[in-house]
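Open the structure in a viewer and keep the selection panel at hand. The stops below say what to select next and what is there.

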Amino acid sequence: MSAAKRSGRITSSDWEIRIRDIPDEYRERCRFLRKLIPGGVEYLFSPYEYSCRGDTLLRRLRFDDSSAALRLWAFLFSEKDRLFLAKEHGLKIVATMKDLGQVPVITYAWPEALTFYADELWWAPCFSEEPHLLDEAARLGAGEDLCYVRAALGAMVTLDYFPKPDLCIAGVGACCDDFSAVMQLIEGLGIKVHWWEMASRLDDRSWAPGEEFRTTPFGGMPYQASAARFVEGQLRGIARAMEEMTGRTASESDLERSRTMFNGLRSRIAELRNLVYSAKRPPMPGLEMLLAEFIGIHTCSEPDESVEVLDDLLATVRSRLDSGTSPFDDDPLRVYWVMPPTDASLVTQLEDLGACVTGSEYMITHSYLPLAPDKNIFAAVAENCMDDLMLGSAHMRASRIAAEARRFGAEGVIVSSIFGASHCPHEEKILVEVLEKEAGLPVLAFDVPYSPGRLSEQVAGRMEGFTEVLRSRRAPMIATGFAGGVTNPSGEDPFEYFRNSMAVESDAARALKRQGRGLVGIYCEYTPREIIMAAGAYPVCLCGTSRRTIAPAETVLPSNLCPLIKSSFGYILTNRCPFFQVCDAIVAETTCDGKKKMYELIADRKPQHILELTQKHDEDDAFRHWMSEVRKLASFLENLYGVEIADNRLRGAIRAMNRERSLLNTVFELGASDPPIVTGVETALVRYRLAGFEPHLEMLERFVEKVRERAAGGFRAAPEGAPRVMVTGCPTGRDTLKVIEIIEQCGGIVVVQEACSGVKPTEALTPEDGDPFEAVARKHFDIPCSCMTPNTGRLDLIDRLAAKYRPDAVVDLVWHACHTYNIESWLVERHIRDSLGLSYMKVETDYSDSDRERLAVRIQTMLEMT
Amino acid sequence: MRSIRVLHGASSNNEGAGERFMRPDSCPLVKSFAGAASAGTGLHGMVDAWVAMYTCDQTRRLFQALGRITAVDAFHIQLPSTRTKEAEDYFASQVERLCDDLVSRGFSDGYSTDRALAFEKERRRAASSLRSIAMKGLLKPSDLHKAFELFQIARPGWLAGFLETAVAASKPWQGSMRIAVAGGPMAAGDDAVPGLLEAAGVTMVPLGCSGLQATLPDAEPVDGSPGWLAREYFQASRCARCRPNDQVFEYLERTLEEADCRGLILKTLKFCDLWYTERERIRERMPVPVLVLDTSYAPGGRERVGTRIEAFLESLA
């Protein structure tokens, strides 16, 4: 945690306590309907208190800890009170739908009417965490096939969010069909509806060559003059409807006053967005910004108080910028958000993952632009309509989003669509394509599910994965020379390098693809990397080592399955694996049953070659079959890449891989030192995914140098007498070093890993003479994995390692549901105790951290007794 | 210059091809159009220019993205949803501008009011003939569906004569009862419902815009100017997208009575919010029982639809 100043993001319970410290004079300022009710009505209550009225989601959100933010939330959630009180006091209630910022500019010229956005009800089912509005709407024919705006229909029936409107102003034309359908059903309830039409904007002049095109003064949007004239007429129609309802014609000064007020709101929102989104550490969280932006279009049914609320927020933002305070850590991930998420907790989730909202396009960008002062109000609003990105093509919208995302330094974009909204299915592909190509930004697009009471696991998992991808993209690119000549930042610490190697590799993989190089995903050490490299491609290991992808995987795979398989599958299911995304093909080796069947589930995602491993190690027929499988893999790759894997190419690849294995062996052999000069964790972190990558090899050399230098300076990796431990069994990975960490935290030192993540695949090099195909096949066939039978080779390897690394104890790591290692552990234990006379402990666990404490007690005990 | 209404290519193959451009949860007709236009198959491949008329939001978005789908020129106009004089004027002005655009871009040597009037008269004669055939139930449902397909693309002068010949040559169809079909358009290829009704031995009375609605307006035209014609067609529209859409209900009620229909099948296209959300109100207001079918072009749905139609017809018997 940096020394940067922090404001906070707090819960509704926190506010329950803190609100007591808010001075009375501040509370006095927070009142609405002052002009209607003497003294106004107080509204500054805590989110928890508002949640007791039904919006229970407030209890799961995090709020900015400023009083300005509290005021914003309270102002929004007190709108209901305002509307009912206003009606009681004789004001007309006007519900406007779909226009996103135009109608209130006109209707607020009549102070005897109060206008609110019925569309806002689309948030209600998520905030209330129960579907009664949706159920009501379904009864009337507006079911799940429509977007959440159908809640407005439900609210028109229940009338528990607002009183029955005296007039509903419904915008159609260039608008979503689901909105249009809901509004028609609302009219069917007997509510008076004034229909008006928004003209479509043509973004390409060739679509109407005879049309006169102009450009909006503030948004720079080309539009048809005839469309604006038509909309101007429609807005005058709204004014006539207001006159009819109120019995009064608004004067020019009434209209001008309304325009001035809305321009004031718009300029405040524009300034707020600019200040917050341009900041390196945004001084205001995403949810508060979302609310603030929408105040600009609907004023929360009280324009005057809206101005006060926004001024308060702006003052807080300015003050934080001056003092360098922010609710975020140093350098949060910067994410641009497209389309307002109906589930506000998603924004909280994003921020909990270490990201911030650094820009937004909530379909209301035109509502931050000024209304031209030099035209009559109807013409000015009509012209502002033409800046509405939803009136034109998705491509234009996407380009504008890309430009703003770049301007605000976004690192990624989230597009939160709604199932049932008629525009989302059409726009999403275009948005993603343009954002990825034009802005070069990764995009996470999903439909926001209705998930009352909890965050959707699938969306949460995808957001986690997305933030990991963004993080991995932050590491500096290693420039050039994948196959030869490499530049590394000089002086880079090799320990840091390997800790961050995922980020480096993820960038490297993308760079490879951009250069037209091949990339092949593998899941096992039995897959001969030499064959892939001889085809001119790079092998990349896709084995999952994160527990976060397991929960999504368990929605498809059985939970009683090896965590490595679940994690690997979960990465693909949640589209989080940056390597899988860019691989040309996958090699699916038939080692264990679990993996074999998992491959079937991903067979349609990438070209896949099944590599059958025969498992009778001691039989010639088995080896011959394996050789033929290796040749088939070669043919597959030859077809895939249009190359011939001739013997000389394969020999070159063998030499390259042998060099790599030798370097890795040198690293592992550091563990043999006594006293120990390198920890098991440090060595375990050296393992990386992308083979044949020169920067890795340079860093391996540097790692060895550094460790030796360090040792020469007197460094010891463990206290004298620390028990030396060999870890055997299942492979570990970056996020699954739990057992190694515990051993070393308990005072032991892991001197060698016999597993596939250690020396097992590297100890033996591929013979460089003779038939290269046979050499490659034999080297790999001899890997002593528990899937082979009999697996005497493993015991031989353990013997060799025991002689070289002189462990005092052996810990046999078995992942849950790994039957082969689990059963084989009986033989291993017998061998280690009887033949080697060493302490032995079997640890059966998974990727979770829930058993850390228990394991620590057991391992501590074993080490003490060693 | 020949103009046709392309309501063709409704197939699951084209739908699937269209999903390159939009998500699967879009209107099947829109997806089929995208798929067929991108492949340039059938009528879609014969078009020199499109008049891209924005009716619902999904067609609007399809046409706004048309440049990604096909390189064929397109001229865009918006059919307003509201039923006011201003909306009518706006539509008429766009149609007038469209005619000028077609000339300026070389698709026509000039607009002739006389030619337009003559065409319109022929068209309405053919429409009248088709309407009479449909109301009298003279053709079996699949043939009637094809006749309406032809109405969209054939030269009207030829069509009137062809229809008379076709009816005279066909064995008269005697359906056991008359069933109206309303809702979204039934494109060429979307023939499951006509086929099933025919198999059940009933007469189909298609009320949608690919059926009897396409025969409106039906008054004798007196003016061939683009503005006049645009206003005629604007006023004749009876689509669920209209706002308000009371005229749709009036049209359905009146035509059901005129055609003496025993039941109404409301056949909507999946993800068409505009028709599907009206199903409860249609059920309440129609004087006959209503069966709602929400369909796509996937062949697998035919069995299910067939079972439902059978049960519906049994309930009416």
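Begin by selecting helix 33 (residues 792-805) of chain A, which lies across strand 21, strand 22 and strand 23 (809-815) of chain A and runs at about 165 degrees to strand 21 of chain A. Helices here are DSSP runs of H or I with at least four residues, strands are runs of E with at least two, and both are numbered from the N terminus. Contact means heavy atoms within 4.5 Å. Axes are lines fitted to C-alpha atoms, for helices over the stretch in contact, and angles run from 0 to 180 degrees between N-to-C directions.

The model is predicted: local features need pLDDT of at least 70 and side-chain atom pairs count only at pLDDT 80 or more, while totals for chains, interfaces and linings use all residues. Residues are numbered from 1 along each chain as its sequence is written, chains are lettered from A and ligands numbered from 1 in the order in which they are written, and side-chain values use heavy atoms, with hydrogens and water left out.

**The sheet in chain A**

Now show the strands under these helices. The open sheet has four strands in the order 22-21-23-24 (chain A), with parallel pairing. Strand 22 (749-753) and strand 24 (839-845) of chain A are at the edges with a single partner strand each, so one side of each has no neighbour in the sheet. From one strand to the next the twist averages 30 degrees. Strand 21 and strand 22 of chain A run parallel and are joined by four bridges; two strands pair if DSSP finds at least two bridges between them.

**Salt bridges**

Which residue does the side chain of A:Asp674 meet in a salt bridge? Select A:Arg724, with 3.8 Å from N to O. This pair links distant parts of the chain, 50 residues apart: A:Asp674 is in the loop between helix 28 (647-669) and helix 29 (680-684) of chain A, and A:Arg724 is in strand 21 (residues 724-729) of chain A. A salt bridge is a side-chain nitrogen of Lys or Arg within 4 Å of a carboxyl oxygen of Asp or Glu. A:Asp674 is exposed at 55% relative accessibility, whereas A:Arg724 is buried at 4%. Buried means under 20% relative accessible area, exposed over 50%, and partly exposed in between (1.4 Å probe, protein chains only).

Over all chains the structure holds 91 salt bridges. Select A:Glu271 and A:Arg318 for another, whose closest N and O atoms are 2.8 Å apart. A:Glu271 belongs to helix 12 (residues 252-278) of chain A and A:Arg318 to helix 14 (residues 303-323) of chain A, so the pair ties together parts 47 residues apart in sequence. A:Glu271 is partly exposed at 32%, and A:Arg318 is partly exposed at 36%.

Next, go to A:Lys632 and A:Glu629, a salt bridge with closest N and O atoms 3.2 Å apart. These two residues are three apart in helix 27 (residues 620-641) of chain A, which separates them by about one helical turn. A:Lys632 is partly exposed at 44%, while A:Glu629 is buried at 4%.

**A buried arginine**

Select A:Arg510 in helix 21 (residues 501-514) of chain A. A:Arg510 is buried yet has no salt bridge, and the nearest side chain of opposite charge, A:Asp507, is 6.2 Å away. Charge is counted as positive for Lys and Arg and negative for Asp and Glu, with His and the chain ends not counted. Beyond neighbours within four places in sequence, A:Arg510 is in contact with A:Arg473, A:Pro578, A:Gln581 and A:Val582. 

**The sheet in chain B**

Finally, move to chain B, where four strands form an open sheet in the order 4-3-5-6 with parallel pairing. Strand 4 (203-206) and strand 6 (290-295) of chain B are the edge strands, each pairing on one side only. Select B:Ile179, which stands opposite B:Met204 in strand 4 of chain B. End at helix 14 (residues 301-316) of chain B, which lies across strand 3, strand 5 (263-269) and strand 6 of chain B and runs at about 175 degrees to strand 6 of chain B.
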